[in-house]
Amino acid sequence: MFKSGDIVKVLIPNVVNTGYDYRLTGAADLGTFVRVSVMNRQYIGVVYGIGDSNLPPEKIKSVLEIYPEHLSVADLQWIQKMSAWTLMTVGGVLRLIVNVPDAFSPPRMEQLYIYNTESDARMTDARQSVADAFASNDNDAMGASDIQNIAHVSGAVVRTMIRRGILIPTTARPRDTDFSHLIYTDNGTVQLNAEQLAAAHEINNAIDRGGFSAYLLDGITGSGKTQVYFDAAWHAYNRGASVLLMMPEIALTAQFMSRYEQRFGAPPIVWHSNLTAARRREIWRGVLRGQIRMVVGTRSALFLPWQNLGLVVVDEEHDTSYKQEDMGNYHARDMAVLRAKISGFPIILASATPSAETLQNVADGKYTRLKLTSRFGGASLPTITTIDMRENRPEQYKLPTDTDDTPPHTGSLSPILCDAIGETLNAGHQTMLFINRRGFAPIVQCKKCGWVAQCPDCSVGMTYHKHLGKLLCHMCGRTMNVPEKCPECGDVVSYRGAGLEKIAEEVNIKFPSARTALVSSDTIVSRQALERIVNKMECGETDIVIGTQILAKGHHFPNLTLVGVVDADMGLFGTDFRAAEHTFQQLFQVAGRAGRGAVAGRVLLQTYQPDHPVLQAICDGDRDAFMASDMAARRAAKMPPYGQLIALVIESPRESTLKQFCSALSAAAPIATGVKIMGPIAAQIYQVRNMYRMRFLVSGDARAMLQPLVAHWVAKVRAPANIRIKIDVNPQNFM
């Protein structure tokens, strides 16, 4: 306990600091939240230790306010350990926690609006996005800035909706919600099978014992993993602990929310990217006060100011969305394990396709594997077969608008897959077609001179999106008009390759009576839009759904009996050493959508490489043999999890400055036994948003401590103001 007048170090949520000295104006503990001023700007920070600046007492400022709330000592240790591992500053880590600017201030007064459900104004896509934004926040009143940010629309759209009475001003004011009434119960209506009971029993015993333990809940798709970790969540909650159920954003479906409410008697408190500022503040404060003790959320929910956290569940633990690459580089799954280890509580990692890192931790005895080998309710696994596209060429087709002179369009669906779709439609069942490529055509090119439509701000080609009628850059979002003729030679441009929209065009021609739906990040701009499609699937109002990876997990369609993967080869030959693993996981998860009801399902994989080990393993259902082979190759190459990698991505808007700095950094590269430093080389995507990019890659064996070496190396070379350095420990993205 520190007393009034003591000099303490205060850590503020800023990426450039490791703490500043202040004089206390009252009593405080380690971790106590305080308000301080830095360069005439006020911050909420935490007491981090004893002051050590040795400044004259008259130059040390006093804290402006001391709050009763605090982080625990274990939380401070977690911040330090996370900083040391990721090479983020401790202030940068704290910024992930103190990420609600008005957390300790009264609710801001601003003009709020409600959505007029009785308006008869024409609903454009933008206005529908606004309606969905209100629905995603329980139709609470929102300010104009929240509407724009959550709906991803312009201020002009909001102003027009206000002027036309679609949005109505309200006298309602932001509230400071009290969550003390929030109490969950276990209705006990779910009957677990023998495997589920055994898994739940072991986890619950660990919760009773206390201390750190890690469990891999390894269950095939549809085996009921959710109900097992629901059981553990209730057990921890009932003992007075707080619980975090963490999952990828796309898995936060209405189906999941409904199952949660059925189990616990009330809807979950949900933390995700589309919350209003007021709602974020309410939940953050509710968690800090200990009034909210169970949250369902995405990776950022790990950084809520938890009180007495006693269990974390990481669902779909293999999912790449747990890797953060914007506000610092960290892997939320790994940081959750670190937090559990420091604070001493159990953690559950759930997946049907566990990551190589998790499987290795099981093999090393660090994690305990709990297996679920049968589908819940007696459903059977689908049969999975490949279609050799070398022998089953797609048939061409013509559109109703084509003239006799128009050449036929190249199809993407083989006769075998088309026959299977027809059979499924005739049986009254549903089909899912999967292609992880947005838009209509990924390449817009002149066949005469070879010109390709490229983004002027990024080193990538632009994709033609037919529903937009424009070219779109998938890196920066820039749009451009489609050229009528080649700008280089004046010849006609052509569209090459097939995206989601082109598959939909072919389906509509070959199955004109089928009711279809498209699902991608272009067509689904909100969770509500996705739920509308999900509801139509559940009600039998959709026959064929065509989608990207949004459909790969989290959905249960009992009448879906056929899954067709249009291009199973797409991810097999990337430069990333994890390409095979990620492709297996994605295709296995997609395949798991079929046959979850009473009728057995089947999965057809269109491929030009039917003998590829990844596809053979999926067809054989032999995940363990495939992962063993893949991990053996990694062991030989000393790639993670048998080695360490740290990537340094250097960016600058000036190409000459970038090359000069990389040359200086290369000259200062350290020499260490068992450590290899590769680069600098141009990043695979050399230019993104007008920033030029070069990369270094540092590798070492599994026991090498690369972080101190890299930190010392980078600190030796002073970076110009227009240089940005991103350090990524065990990178997932090699672009």
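Author: Contact here means heavy atoms within 4.5 Å. Angles run from 0 to 180 degrees between N-to-C directions. Keep in mind that this is a predicted model.

Start with the antiparallel sheet. This open sheet has 4 strands, in the order β30-β31-β29-β32. β30 (675–688) and β32 (724–729) are the edge strands. Each has a single partner strand, so one side of each is left without a neighbour in the sheet. On average, neighbouring strands are turned by 20° against each other, direction ignored.

Now look inside this sheet. β29, residues 643–652, pairs with β31, residues 691–701, in the antiparallel sense. That pairing runs over 10 bridges. Find Ser 652: its bridge partner in β31 is Tyr 692.

Next come the helices. Helix α18, residues 655–667, packs on the sheet. α18 touches β29, β30, β31 and β32. The direction of α18 makes about 20° with that of β31. Helix α19, residues 706–716, lies across β29, β30, β31 and β32. α19 runs at about 25° to β29.

Strands of a sheet pair through backbone hydrogen bonds, either parallel or antiparallel. For the parallel case, turn to another open sheet, with 7 strands and parallel pairing. The order is β11-β12-β10-β13-β16-β9-β17. At the edges stand β11 (269–271) and β17 (368–372), and each pairs on one side only. From one strand to the next, the twist averages 20°.

Within this parallel sheet, take β9, residues 213–219, and β16, residues 346–351. They pair in the parallel sense over 6 bridges. Tyr 215 stands opposite Ile 348 in β16.

Helices pack here too. Helix α6, residues 194–209, touches β9, β13 (309–315), β16 and β17. The direction of α6 makes about 150° with that of β17. Helix α11, residues 356–363, packs on the sheet and touches β9, β16 and β17. The direction of α11 makes about 120° with that of β9.

Val 15, Val 16 and Tyr 20 make a nonpolar surface patch of about 260 Å². Val 15 lies in the loop between β1 (7–11) and β2 (20–23). Val 15 counts as partly exposed because its relative accessibility is 38%, and partly exposed lies between under 20% for buried and over 50% for exposed.

Conventions:
Residues numbered from 1 in each chain as written. Predicted model: local features only at pLDDT ≥ 70, side-chain atom pairs only at ≥ 80, totals over all residues. Heavy atoms only, no water. Patch = residues over 30% accessible without salt bridge, like charges linked within 9 Å, V, L, I, M, F, W, Y side chains within 5 Å. Areas by Shrake-Rupley, 256 points an atom, 1.4 Å probe, with all protein chains shown as cover. Salt bridge = Lys/Arg side-chain N within 4 Å of Asp/Glu carboxyl O. Helix = DSSP H or I, 4+ residues; strand = E, 2+ residues; numbered from the N terminus. Buried < 20%, exposed > 50% of the residue type's maximum accessible area, 1.4 Å probe, protein only. Pairing = 2+ DSSP bridges.
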